[in-house]
Amino acid sequence: MSNEDHWRQVHDSKAEDQVSWFQTMPETSLRLIQNTGLSTTARLIDVGGGASRLVDNLLDLGYSQLAVLDITEGGMARAKERLGARADVVQWVVSDVTRYQTNAEWGLWHDRAVFHFLVDADDRKHYRQVLESAVVHGGHVIIGTFGPDGPEKCSGLPVQRYSAEALAAELGSVFAIRESVIEDHRTPSGAKQQFMYARFERSGTGERQPNEDT
């Protein structure tokens, strides 16, 4: 079964609040995003966002240049229905992130629980290549993965667990780590999952800055 078919089946068989990664309020992600100091006009993309409520909260906070990327339409369709007319101001992208191609340049890249599914070294390489081409110089990257004591599988698939140091080594010197946090996530069934979040800043300089409209 392809990755697309796997995640299509997950979204078709479970309600939004039945998947293990469901959050009513994505508090850690929101705090890390606000810690970047980025303007509400900065371009933000939520990778693997699906039906996540992060986009709702960012709209509530006044962020106006938002995109959500997911490998299938299913989760995003639920988010669009939930948002109603507000969905029209969000860019919705159906793509495998390792094959994502865009001319857009993002001031912030947010990924909660996609990167840890990339257990193949080539997939991680392609992800890094996309990241380096898509994030502006001086932009920020926030990635949440299962932590060192997190689950070894999720949704029937193996995952790669990370400490902040291991994730920094995986992304390479282009991205400098600025902060990290360990969070115990409670699933809808009551199980505890250890997550590790890390925020990085892309080094270097460029003509475009992360706070500019593009």
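Which side chain of opposite charge is nearest to the buried Arg112, and how far away is it? Here are a few friendly notes on the way to the answer.

1. This is a predicted model, in which local features need pLDDT of at least 70, side-chain atom pairs count only at pLDDT 80 or more, and totals for chains, interfaces and linings use all residues. Residues are numbered from 1 along each chain as its sequence is written, and side-chain values use heavy atoms, leaving out hydrogens and water.

2. Arg112 belongs to strand β4, residues 106-112 (strands are DSSP runs of E, at least two residues; helices are runs of H or I, at least four; both are numbered from the N terminus). Arg112 is buried (under 20% relative accessible area, 1.4 Å probe, protein chains only). The nearest side chain of opposite charge is that of Glu183, 5.1 Å away, and Arg112 has no salt bridge (a side-chain nitrogen of Lys or Arg within 4 Å of a carboxyl oxygen of Asp or Glu).

3. Arg112 does have polar partners: its side chain contacts the side chain of Tyr197 at 2.9 Å and that of Gln23 at 3.3 Å. (A polar contact is a pair of N or O atoms within 3.5 Å, one able to donate a hydrogen and the other to accept it.)

4. Now look at strand β5, residues 135-146: 11 of its 12 residues are buried, so the rest of the structure largely encloses it. Six bridges pair β5 with β4 in the parallel sense (pairing takes at least two DSSP bridges). Asp111 stands opposite Ile143 of β5.

5. On β9 (residues 192-202), seven bridges link to β5 in an antiparallel arrangement. Ile142 has Arg199 of β9 as its bridge partner.

Technical notes: Buried < 20%, exposed > 50% of the residue type's maximum accessible area, 1.4 Å probe, protein only. Lys, Arg positive; Asp, Glu negative; His and termini not counted.
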